[in-house]
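Good morning, and thank you for coming. Please look at the sequence and the structure before we go through them together.

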Amino acid sequence: MTKKGYQINVNLPVQIIKEGKVFVAYCPVLDIATQGNTYEEAQEMFNELVRVFIDDLIERGTFEKVLLDLGWKKASHGRRWELPERQFISETHQEVSIPCPA
């Protein structure tokens with residue numbers, strides 16, 4: 001349970017990517033990421049990160065502002081939140097030219 005309120009369960013979209021020997025868990029609707037040495041560890045670390053992230057927002061008094069800035073919507077009765085309406089469409093590779101230092 002959070003320090004100042006009630007607890008809800010939310011299905012968050014999480015992308016888990018293997019980068020070298022580590023697994024990175026990224027959540028676009030909260031714009032947070034963490035990593036682990038295994039897929040399962042990345043999942044566990046992500047769950048812990050979400051708790052710490054939300055507790056910190058509540059402690060700082062920025063919970064509502066940050067969620068609104070991330071595109072979340074407050075439900076009409078005010079106690080529930082709706083995730084941003086985003087859909088992962090695809091992952092592509094696109095060639096681009098980027099400047100490099102001489």
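The terms are defined by relative accessible area: buried means under 20%, exposed means over 50%, and partly exposed lies in between, with a 1.4 Å probe and protein chains only.

Before I continue, a word on the source. This is a predicted model, in which local features need a pLDDT of at least 70 and side-chain atom pairs count only at pLDDT 80 or more, while totals for chains, interfaces and linings use all residues. Residues are numbered from 1 along each chain as its sequence is written, and side-chain values use heavy atoms, with hydrogens and water left out.

The pLDDT is the predictor's confidence in each residue, from 0 to 100. The protein chain averages 88, and 93% of the residues score at least 70. Helices (H or I, at least four residues) and strands (E, at least two) are DSSP runs, numbered from the N terminus. Among these elements, strand β3, residues 32-36, has the highest mean pLDDT, 98, whereas strand β5, residues 81-82, has the lowest, 87. Where pLDDT is low, the predicted coordinates should not be read in detail.

I turn now to the sheet. In what order do its strands stand? The order is β1-β2-β3, in an open sheet of three strands with antiparallel pairing. Two strands pair if DSSP finds at least two bridges between them.

Let us follow the pairs in turn. β1 is joined to strand β2, residues 22-27, by five bridges, and the two run antiparallel. Glu 19, for example, has Val 22 in β2 as its bridge partner. The hairpin of β1 and β2 has two residues between the strands, and Gly 20 in the turn has a positive phi of about 65 degrees.

β2 and β3 also pair in the antiparallel sense, over five bridges, and Phe 23 stands opposite Gly 36 in β3. Their hairpin has four residues between the strands, with Asp 31 in the turn at a positive phi of about 55 degrees. Why is β2 largely enclosed by the rest of the structure? The reason is that five of its six residues are buried.

Helix α1 lies across β1, β2 and β3 and runs at about 145 degrees to β3. Axes are lines fitted to C-alpha atoms, for helices over the stretch in contact, and angles run from 0 to 180 degrees between N-to-C directions.

Two residues of β3 deserve attention. In a regular strand the side chains alternate between the two faces of the sheet. Thr 34 lies in β3 and counts as buried, at 17% relative accessibility. Contact means heavy atoms within 4.5 Å; leaving aside neighbours within four places in sequence, the contacts of Thr 34 include Phe 23, Ala 42, Met 45 and Phe 46. Ala 33 is also found in β3 but is partly exposed, at 45%.

My last topic is the charged pairs. How many salt bridges does the structure hold? There are four, a salt bridge being a side-chain nitrogen of Lys or Arg within 4 Å of a carboxyl oxygen of Asp or Glu. In one of them, Glu 48 meets Arg 51, with the closest N and O atoms 3.1 Å apart. Glu 48 and Arg 51 are separated by about one helical turn, because they are three residues apart in helix α1, residues 39-60. Glu 48 is partly exposed, at 41% relative accessibility.

Another salt bridge joins the side chains of Glu 64 and Lys 74, at 2.8 Å from N to O. This pair links distant parts of the chain, with Glu 64 in helix α2 (residues 63-69) and Lys 74 in strand β4 (residues 73-74), ten residues apart.
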